[in-house]
Amino acid sequence: MSLIILNLQIACNKKTSLPSKKTIMRWLQGLLPMIVNTTEVTIRLVDEVESYNLNNTYRGKNYPTNVLSFPLINKTLINPNKIDRLLLGDIIICRQLVEREAKQQKKRLESYWAHMVIHGALHLLGYDHTLEVDANNMEQLETKIMQQLGYSDPYLLEKKL
């Protein structure tokens, strides 16, 4: 049986309007068909300063970013049938950027939070959007999961352009 264990860390100065652990777990449940065993993930909600520092340190980018994913293992090197608990990795989400981008893109804040969690988790599962073909595959999967959770296509506005 698949199970997700969530370690939620809230490192934001402003703690209002953040999604609850229960809500984030509901979003992660959309990934259960892709998970074989018990899987543990850490999600850390941060402010722009921490996002900036992590993005600069680990990606060499001189700006904060909405979501960062740090996978803990290379899934191609393990046999998931022989592991009791898979430590998937860490997802870092910047509160201010999520709020600002949701407003700029005219998206519901809850929906945008869900999208960032799913996007980050898919990176932990090995998905990427560096190449166009990979980006299309990842976007289709994100859209499918979001719609199964009752949200609209997160890329709908981009597709209309």
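Visitor: What share of the 161 residues in the protein chain do buried residues make up?
Guide: Keep in mind that we're looking at a predicted model. A residue counts as buried when its relative accessible area is under 20%. Across the 161 residues of the protein chain, the buried share comes to 43%.

Visitor: Okay, and which pattern does the protein chain follow along the sequence?
Guide: The parts list is six helices and four strands. Reading along the sequence, you get β-α-β-α-β-β-α-α-α-α.

Visitor: Among contacts between residues at least 6 apart in sequence, how many percent join residues at least 24 apart?
Guide: Contact here means heavy atoms within 4.5 Å. Take the contacts in the protein chain between residues at least 6 apart, then pick out those joining residues at least 24 apart, and you land on 67%.

Visitor: How many charged residues are in the contact of H3 with H4?
Guide: On the H3 side you'll find Arg-95, Val-98, Glu-99, Glu-101 and Ala-102, and they meet Leu-109, Tyr-112, Trp-113 and Met-116 in H4. Sorting these residues gives six nonpolar and no polar ones, and the charged ones number three.

Visitor: Is the crossing of H4 and H5 left-handed or right-handed?
Guide: H4 runs over residues 109–124 and H5 over residues 132–148, with their axes 10 Å apart at an angle of about 130 degrees. That makes H4 oblique to H5. As for its hand, the crossing of H4 and H5 is right-handed.

Visitor: And how many nonpolar residues does the contact of H4 with H5 have?
Guide: H4 brings residues including Ala-114, Ile-118 and Leu-122, while H5 brings Met-138, Leu-141, Glu-142, Ile-145 and Met-146. Four residues of this contact are polar and one is charged, while the nonpolar ones number seven.

Visitor: Is Ala-121 buried or exposed?
Guide: You'll find Ala-121 in helix H4, where it touches Leu-28, Leu-31 and Ile-91, leaving aside residues up to four places away in sequence. Its relative accessibility is 2%, and the cut-off is under 20%. So Ala-121 counts as buried.

Visitor: How many Å apart in space are Ala-121 and Val-41?
Guide: In sequence, Ala-121 and Val-41 are 80 residues apart. Going from C-alpha to C-alpha in space, the distance is 8.4 Å.

Visitor: Which residue has a side chain joined to that of Asn-66 by a polar contact?
Guide: Start with the loop between helix H2 (48–59) and strand S3 (67–71), where Asn-66 sits. Asn-66 is buried, at 16% relative accessible area. Among the residues it touches are Ile-92, Tyr-112 and Met-116. The polar contact, at 2.9 Å, joins its side chain to that of Glu-101.

Conventions:
Residues numbered from 1 in each chain as written. Predicted model: local features only at pLDDT ≥ 70, side-chain atom pairs only at ≥ 80, totals over all residues. Heavy atoms only, no water. Axes fitted to C-alpha atoms, helices over the stretch in contact; angles between N-to-C directions. Helix = DSSP H or I, 4+ residues; strand = E, 2+ residues; numbered from the N terminus. Parallel < 35°, antiparallel > 145°, perpendicular 65-115°, else oblique. Left-handed = near helix turned anticlockwise from the far one by under 90°. Nonpolar A, V, L, I, M, F, W, Y, C, P; charged D, E, K, R; others polar. Buried < 20%, exposed > 50% of the residue type's maximum accessible area, 1.4 Å probe, protein only. Polar contact = N/O pair within 3.5 Å; in protein donor to acceptor, adjacent residues only side chain to side chain.
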